[in-house]
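Okay, thanks for making time, everyone.

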Amino acid sequence: MLIHLILRILLRNKLYSIINILGLTLGITACLLIGLYIWQETHYDSFHSKKDRIMRVTMEYGNAGNVNKTAYTGTKVGPEFARKFPAVESFTRTIIGTRIIANGDKVFTEKNVLFADSAFFNIFSFRLLKGNPDNCLDAPEKIVITEEMAKKYFGNEDAFGKTLKLGNTKDYVVSGIVSSVPGNSQIHFDFVIPFINLSAAKQDEQWFTANYVTYLLLKDVNRKEILQKQISQHLDEVSKKELFTDGSGYLTHHLEPLTSVHLHSSLDGLEPNGNIVYIYVLGIIACLIMLIAGVNYSNLATALSAGR
């Protein structure tokens, strides 16, 4: 009976009903979509269980009055910090590249081939469906692939333990299969190959030749500020004794908490960063949309009441 009454009222005032329902529906939908986007942006990299202890290392250097900042570092940063500072539990250097991957007659050019040190899956919580995070990248001939790539190259076969050819020259054994990388991750990949395979890893460690994004896992996040001071002091000595002996320049590095990189860092790394200002603006827009929808509903309700 109540439903019939409501329908009768709505049909009696068709224009009012359409405008009111449409306005509220559009307003609520727009706010929900904006809310989902804001949640996604503000929860970047939050799925990593060790997120509070993961730091991205950025580089700052200057010479002749020019100051440069970048999210990329040389090959020496991770190993040197692990050797010098007890607060560093482990590190991984990363770089994304394009490679030709083949399995028999299935040959594709893949753009999301990540090279990373062996601690990568111990530092980050990308979910391994098969394989052990402790040893899936501990040998040059190993490769970890996503479940999408497993289906792409092996179909319904079990890809674990199978072989893929990289660049038609070297065979890699699939040592791990990882689930899809979450959308709110600053690291996206389809394949992960041990960093040792890069020619740069086989050469002497370098402070410069900055092509790599380096991440540190700290033993205790509360020692971050102390570690930052130690890094600054150490790099000050390195600058004076090794890099700029004439005193013309300097090199230093900074630590950025992983979860603050996407919205609060001005330096893009493996993925473009977002902007916290856009989040505030979108939040204000969502509030205005709901306010307008509410005012519109109230005005129409008042007009209809006066008409009755």
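**A loop, some charges and a patch**

Let's start with Thr-209, which is partly exposed, with a relative accessible area of 46%. For the cut-offs, buried means under 20% relative accessible area, exposed means over 50%, and partly exposed is in between, with a 1.4 Å probe and protein chains only. Before I go on, this is a predicted model, where local features need pLDDT of at least 70 and side-chain atom pairs count only at pLDDT 80 or more, while totals for chains, interfaces and linings use all residues. Residues are numbered from 1 along each chain as its sequence is written, and side-chain values use heavy atoms, with hydrogens and water left out.

Back to Thr-209: it sits in the loop between helix H6 (199-202) and strand S10 (213-218). Helices (H or I, at least four residues) and strands (E, at least two) are DSSP runs, numbered from the N terminus. Most residues other than glycine have a negative phi. Asp-45 also has a positive phi, near 65°, and its place is in the loop between H2 and S1. Asp-45 is buried, at 1% relative accessible area.

Now the charges. How many salt bridges does a search of the whole structure find? The search turns up 11, where a salt bridge is a side-chain nitrogen of Lys or Arg within 4 Å of a carboxyl oxygen of Asp or Glu. Side chains of opposite charge can pair when their charged atoms come close.

One of them joins the side chains of Arg-56 and Glu-256, at 2.7 Å, N to O. Arg-56 is in strand S1 (residues 54-63) and Glu-256 is in strand S11 (residues 249-257), so this pair ties together parts that are 200 residues apart in sequence. Are these two buried or exposed? Arg-56 is buried, with a relative accessible area of 1%, and Glu-256 also counts as buried, at 15%.

Next, have a look at helix H3 (residues 77-84), which holds both Arg-83 and Glu-80, three residues apart, about one turn of the helix. Their salt bridge has its closest N and O atoms 2.9 Å apart. Glu-80 counts as buried, at 8% relative accessibility. There's a network here too: Glu-80, Arg-83 and Glu-205 are linked by salt bridges.

And then there's Lys-165 with Asp-171, closest N and O atoms 2.8 Å apart. Lys-165 is partly exposed at 29%, and Asp-171 is partly exposed at 41%.

Ile-284, Leu-288, Leu-291, Ile-292 and Val-295 make up a nonpolar patch on the surface, about 490 Å² of accessible area together. Patches are made of residues with over 30% relative accessible area and no salt bridge, with like charges joined within 9 Å and nonpolar side chains (Val, Leu, Ile, Met, Phe, Trp, Tyr) within 5 Å. Accessible areas come from the Shrake-Rupley method with a 1.4 Å probe, and for residues only the protein chains shown count as cover.

Two last stops. Leu-32, in helix H2 (residues 14-42), counts as exposed at 55% relative accessibility. Leu-32 and Ala-286 are 254 residues apart in sequence, yet 8.5 Å apart in space, C-alpha to C-alpha. Finally, Gln-228 lies in helix H7 (residues 224-243) and is buried, at 13%.
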